[in-house]
Amino acid sequence: MSSYRFDQALAACFLARNDALRAVLPPNLRPLEARPGHGLVVVTAFNFTDSEVGPYGELVMAVMVPPFTPRDESWPESASYPFDLVTNTLDSRDHAAGSWYLPARPKPYGLRFSRDGERRSVDLYDEGTPVLSLSVKHNPTWERDRLYQVFTRSDGRLHRVALSVEGSVSEHNEETGRLTLYDHPIADRLADLVADDEALFEQSMDDGLERFLGILPHEVIA
Amino acid sequence: MQSEPSWTRHDLSHFRSTTGDDLFDVHHHFEQWSRHARPAGYGLYRQYLSTAPAQRVRTDPAGGDLFNLASYNYLGLSLRPEVLAAAGEALAHYGLGAAGSPHLSGLLAVHEALADDIAAFKGQEAALLFPSGYSANVGTLAALAGPGDVVIADICAHASIFDGIALSGASTVLFRHNDMANLERRLRAATGRKLVVVEGVYSMDGDVAPLDEVATLCQRYNARLMVDEAHSAFVYGEHGRGLVEHYGVEEAVDIHLGTLSKSLGGMGGYVAGDHTLIDYLRAYARSQVFSCALSPPVVGGLRKALELARSEPELRQRLWHNVAVVREALLAEGVDIGGSTSQVIPIMIKDDTGIFEVARRLEAAGVYLNPVLYPAVKRGRSRFRVSISAAHDPAMLVEAAGIIGRVLRESGVIR
């Protein structure tokens, strides 16, 4: 089990058309239908202060998918399939790709986390050039400890990763989250998917702990 | 900061979409969740009335009367003696059921008479009855749109609209609630044949669609327009023809859809429009083709209810007077009623966990209201939905508003 302590995390879900999402997903997975004909792209960023590869920042772009829920397993909060991931250190990049088969980009990117009143934001840079900005509204928080499922792929196979996140969480769907995309291939890919740059659902956390609980081989990709 | 109760880790939205080896595995998880959620408050959704849904109701037959602010019945017609008598006559004449599809033996003279009445009332060439408002939306959209078409709908539109679009195979495009700039962006981007679908009054917030602006945009971008007036037909407009009359856009709307269960106090749905549209739907709207026709006593009662709605404009005046009375009383109590401008008035609680306890306290204090929370509304936007009727006594509404204010203060929702 790997543990990652963070001082700030934020996430926002954006509506995306199902046909666009299916092009990103392996054929075994389908988008979670959030609105008719629409699924969700979730952009999540963590500022890790302590981990087995030291402090680092991470931004993940994923598609929400239905969880895999056999009777004898706990029901996760949600499930997702990450299709793009950036970190700001090479060690963390190698760790994400090597241990969890996450689709980490090969070089480090710049990540800047900020807090301004009730706003929490992250800016992603590629050698100083802005790629995207994500901003969410931070509301009063609840103490939570939740289970998540993440599907990753390698060598023609899907893997099912179980992870938990605990900490004080703000979550709402007040449609106050904003995604700003600049002229960059990472942003272009998101722009092709996202149908609305206003967040349908947004989350932010202070001082929490993410635990990777394990990885299981799931299915051979059809 | 509070710790999360175990049942709030999940909600009804979680158990809808899943994968696994056995189709029924999800039932196990749902039951595990329900075991905690029911006693915490979700059990209220199983609560039934032991009386008619009149101005005063009982849940427990041996309990006390409760002020009923939860039932539709906007014009107070469902219990009018003339309506009950007409229903009784139809029952005696036709029996309980139509005993067939409207395409076969189920089409009775009383059905055709009601459809003609509705068409005449709406100022349209023809109308078609459906078993429910839900089936009217599903059947109409599935019949009219298809793969390659684009249906652009308000994101807060009723589930039946989205189910109809999904069944049609058309592309669903959403625009932000009542956001005309966003609708225009969607219309500009859409290619192919376009249909815009909006409601008149939105049932969770009680706000209304700016139909004049919607109609203008549809004309500008060559899109057909369908308006679901489930909550606005028979109550809006000088003659009660709905928000389309209120906004003066009756001619600009291609498909007039509504229900017979709310203002008229019966059940069923209708679509009104050109006779070519109605003839087409009669043949291809599968939700009515393959359903039994509406029960004759209901239809008989509805004919009388419609007659009263037309001949007694004072019903609408009484309704709007009651709406003004209760709005003023609730606002004086400091209750947050959101952006409602209609007879549907949300009482914002915004505590998705605590709303059930407030519901219990309200019932104990003598007010019957239903909690509404995620996923029916956004997280953190839970509320009670008040439905005002012409049948309400204004003094009762003031008293009920006072009770609501007191309970919300005692519960810490308002100061």
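The model is predicted: local features need pLDDT of at least 70, side-chain atom pairs count only at pLDDT 80 or more, and totals for chains, interfaces and linings use all residues. Residues are numbered from 1 along each chain as its sequence is written, chains are lettered from A and ligands numbered from 1 in the order in which they are written, and side-chain values use heavy atoms, with hydrogens and water left out.

**View 1. Asn88(A) in its loop.** Asn88(A) is found between β4 (78-87) and α2 (90-100) of chain A. Such helices (H or I, at least four residues) and strands (E, at least two) are DSSP runs, numbered from the N terminus. Thr141(A) is 53 residues apart from Asn88(A) along the chain. The C-alpha atoms of the two are separated by 28 Å.

View 2. Most residues other than glycine have a negative phi. Glu127(A) lies in the loop between β6 (119-126) and β7 (129-137) of chain A. Its relative accessibility is 70%, so Glu127(A) counts as exposed. The loop between β8 and β9 of chain A holds Asp155(A). Asp155(A) is exposed, with a relative accessible area of 81%.

**View 3. A cis peptide bond in chain B.** Most peptide bonds are trans. The bond from Tyr374(B) to Pro375(B) is cis, with omega near 10°. Pro375(B) sits in the loop between β13 (371-372) and β14 (383-387) of chain B.

**View 4. An aromatic cluster in chain A.** Over all chains, the whole structure has 18 aromatic pairs. Rings of Phe, Tyr and Trp (its six-membered ring) pair if their centres lie within 6.5 Å; planes under 30 degrees apart count as stacked, over 60 as edge-to-face and the rest as tilted. Phe46(A) and Phe48(A) are stacked, 5.0 Å centre to centre with 10° between the planes. Both Phe46(A) and Phe48(A) are buried. Phe48(A) also pairs with Tyr56(A), and this pair is tilted: 4.9 Å centre to centre, 45° between the planes. Tyr56(A) is buried too. Ring pairs link Tyr4(A), Phe6(A), Phe46(A), Phe48(A), Tyr56(A), Trp100(A) and Phe212(A) into a cluster.

**View 5. Lysines over tyrosine rings.** A charge sits over a ring if NZ of Lys or CZ of Arg is within 6 Å of the ring centre and within 35 degrees of the ring normal. Lys107(A) lies over the face of Tyr109(A), at 5.2 Å from the ring centre. In chain B, the charged end of Lys262(B) sits over the ring of Tyr72(B), 4.8 Å from its centre.

**View 6. The largest cavity.** On a 1 Å grid over the protein atoms alone, a cavity is a set of points where a 1.4 Å probe fits but cannot get out, and a pocket is an open set with protein on both sides within 12 Å along at least five of seven lines; lining residues have an atom within 4 Å of a point. Grid points are joined across faces, edges and corners, and a volume is the space filled by probe spheres set on the points. The structure holds one cavity of 30 Å³ or more. The volume of the largest cavity is about 40 Å³. Arg144(A), Arg146(A), Tyr148(A), Val165(A), Val169(A), Gln203(A) and Met205(A) line the largest cavity. β8(A) gives the most to this lining, three residues.

**View 7. The second largest pocket.** This pocket holds about 670 Å³ of space. Its lining has 26 residues. Trp142(A), Arg144(A), Glu171(A), Asp352(B) and Gly380(B) lie nearest its centre. β8 (142-154) and β9 (157-172) of chain A each supply at least two lining residues.

**View 8. Cysteines without a disulfide.** The structure has zero disulfides (pairs of cysteine sulfur atoms within 2.5 Å) over all chains. For Cys13(A), the nearest cysteine sulfur is that of Cys156(B), 18 Å away. Cys13(A) counts as buried, at 6% relative accessibility. Cys156(B) counts as partly exposed, at 34%.

Methods. Buried < 20%, exposed > 50% of the residue type's maximum accessible area, 1.4 Å probe, protein only.
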